[in-house]
Amino acid sequence: MVDFGALLRPGAGVWWSQAAAEPRPLVDQLLAQAGGLGPLRLFTGLSWNDQLAQSISPADTMVSYGGLGALRELGTTDQLEVVPCHYSALPRMFAEGRLPSDIGLLQVAPPDADGMCSLGIGVDYMADALEHTAVLVAEINERMPAAPGSPRIPVSRFAATVETDRPLQEEVRRPAGEIDRVIAGHIAGLVDDGDTVQVGIGSLGAAVYDALAGHRDLGVHTGMITDGVLDLIDKGVVTGSRKQIDTGLAVAGTALGSAELYTRAPGLPVLFRPTSYTHAPQVLSQLSGLVAVNFAIEVDLTGQVGAEISRGSYLGAVGGQVDFARAAALTGKRSIVALRSTVRGRSSIKFALDEGVVTTARADVDCVVTEHGVAHLRGRPLTERRRRLVAVAAPEFRDELAEAARAAA
């Protein structure tokens, strides 16, 4: 048991690793002791800790770059403070002390013969944050693999450790539906052999990877790799042989998938790098074949994208969408935004964004894809953009959208 009372002062800021690298035992211990530590500011990204909403003291505040996973419930209790930012900005914000960083909680691989612990498949923002964090506490998990490219930390750097032997959190995969597969087929038609792809996560992301199975020599540069990438590596589709940088290697910040993905990570041609590399404009600008595939909650008739809020609740994040979309649109190959044409009986193509929050600017969107086709927007004036977006909206909403567009002209 870690005595956090000996490590923390009242009002301190604590961050911890996200997704499969989340150090759940440490987080649970921290929250169990938090009531006696005074108000704390906490930071993480994607979390599957379904006890967060019940365990966080009313005096404490969770800070994040979005409302992902278990953080969504905190958003309904005003305990979630969302910092709207590009993912590429996280390293700088940690460096400037703008995010909680008095103490960091990590999950790492067991120390090697030199006493060095790998961050494993959880490099991401954690590798950047730890450079600006005085106190580190680690869960040393026997099952965390020492992945290629992952920074190594001397075990002596940790103020305290706990040793575990537990499975890494696996992704809860929903099978792709027919609409997802149709959308993915349209997207696959926009990707050429030899391109370098970045694909969002979820069932639609999995469908996109499946649809790319007939391609050759694809590269991958993304924030998070999934089983979809593993499948394409096994099929010889993802080789990275035509990438302008990191040739022959896929690049990611973290992995999110099955136990097989984690077990095989050390032997895969995948380089795990920090956010300051995976999302950096100066890095992405070197990938002239970059195709960014991102997903949206809503898109308006000019191509503005909303990917954060639905019906007043935070469900997503700015994340890396703009980092990749802008690089793909300006110096890469193509920026694609995809979404189902309807959600709960309402059109996802809107005359104006319901929430009024623009995640990705229309100038950074080359194509919008729904199950009804592809709206090519690059170089098109607003009147033509509206016409093309109406054409990929659900048929039952097209007349209404067209009339709204004519009234605004």
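At 39% relative accessibility, Glu-96 is partly exposed, a class that lies between buried (under 20% relative accessible area) and exposed (over 50%), computed with a 1.4 Å probe on protein chains only. The side chain of Glu-96 meets that of Arg-98 in a salt bridge, with N and O 2.6 Å apart. Arg-98 is exposed, at 58% relative accessibility. A salt bridge here is a side-chain nitrogen of Lys or Arg within 4 Å of a carboxyl oxygen of Asp or Glu. Side chains of opposite charge can pair when their charged atoms come close.

The model is predicted: local features need pLDDT of at least 70 and side-chain atom pairs pLDDT 80 or more, whereas totals for chains, interfaces and linings use all residues. Residues are numbered from 1 along each chain as its sequence is written, and side-chain values use heavy atoms, without hydrogens or water.

The whole structure holds 23 salt bridges. One of them joins Glu-81 to Arg-41, with the closest N and O atoms 3.0 Å apart. This pair links distant parts of the chain. Glu-81 sits in strand E4 (residues 80-82) and Arg-41 in strand E2 (residues 41-43), 40 residues apart. Strands (E, at least two residues) and helices (H or I, at least four) are DSSP runs, numbered from the N terminus. Both partners are partly exposed: Glu-81 has a relative accessible area of 35%, and Arg-41 is at 33%.

Glu-384 is buried at 18% relative accessibility, and Arg-388 is buried at 19%. Elsewhere, salt bridges link Glu-298, Arg-346, Lys-350 and Asp-354 in a network.

Six strands form an open sheet with mixed pairing, in the order E11-E10-E16-E21-E25-E26. Two strands pair if DSSP finds at least two bridges between them. The edges are strand E11 (219-220) and strand E26 (373-376), each pairing on one side only. Strand E10 (residues 196-199) runs parallel to strand E16 (residues 290-295), and four bridges join them. Val-199 has Val-293 in E16 as its bridge partner.

Two helices that pack on this sheet are H6 and H12. Helix H6 (residues 178-188) touches E16, strand E21 (334-338), strand E25 (367-370) and E26. Contact means heavy atoms within 4.5 Å. The direction of H6 makes about 150 degrees with that of E25. Helix H12 (residues 321-330) touches E10, E16 and E21, and its direction makes about 140 degrees with that of E16. Axes are lines fitted to C-alpha atoms, for helices over the stretch in contact, and angles run from 0 to 180 degrees between N-to-C directions.

Helix H14 (residues 395-408) has 14 residues. At 1.5 Å a residue they should span 20 Å, the expected span being 1.5 Å times one less than the number of residues. The end C-alpha atoms are 21 Å apart, which agrees. The buried residues of H14 are Phe-397, Leu-401, Ala-402 and Ala-405. They cover an arc of only 140 degrees around the axis, so they lie on the same side of H14. The arc is that of the directions from the helix axis to the C-beta atoms. These buried residues pack against strand E22 (342-343), strand E23 (346-347), strand E24 (349-350) and H13. The face turned away from the buried side of H14 carries the exposed residues Glu-396, Asp-399, Glu-400, Arg-406 and Ala-407.
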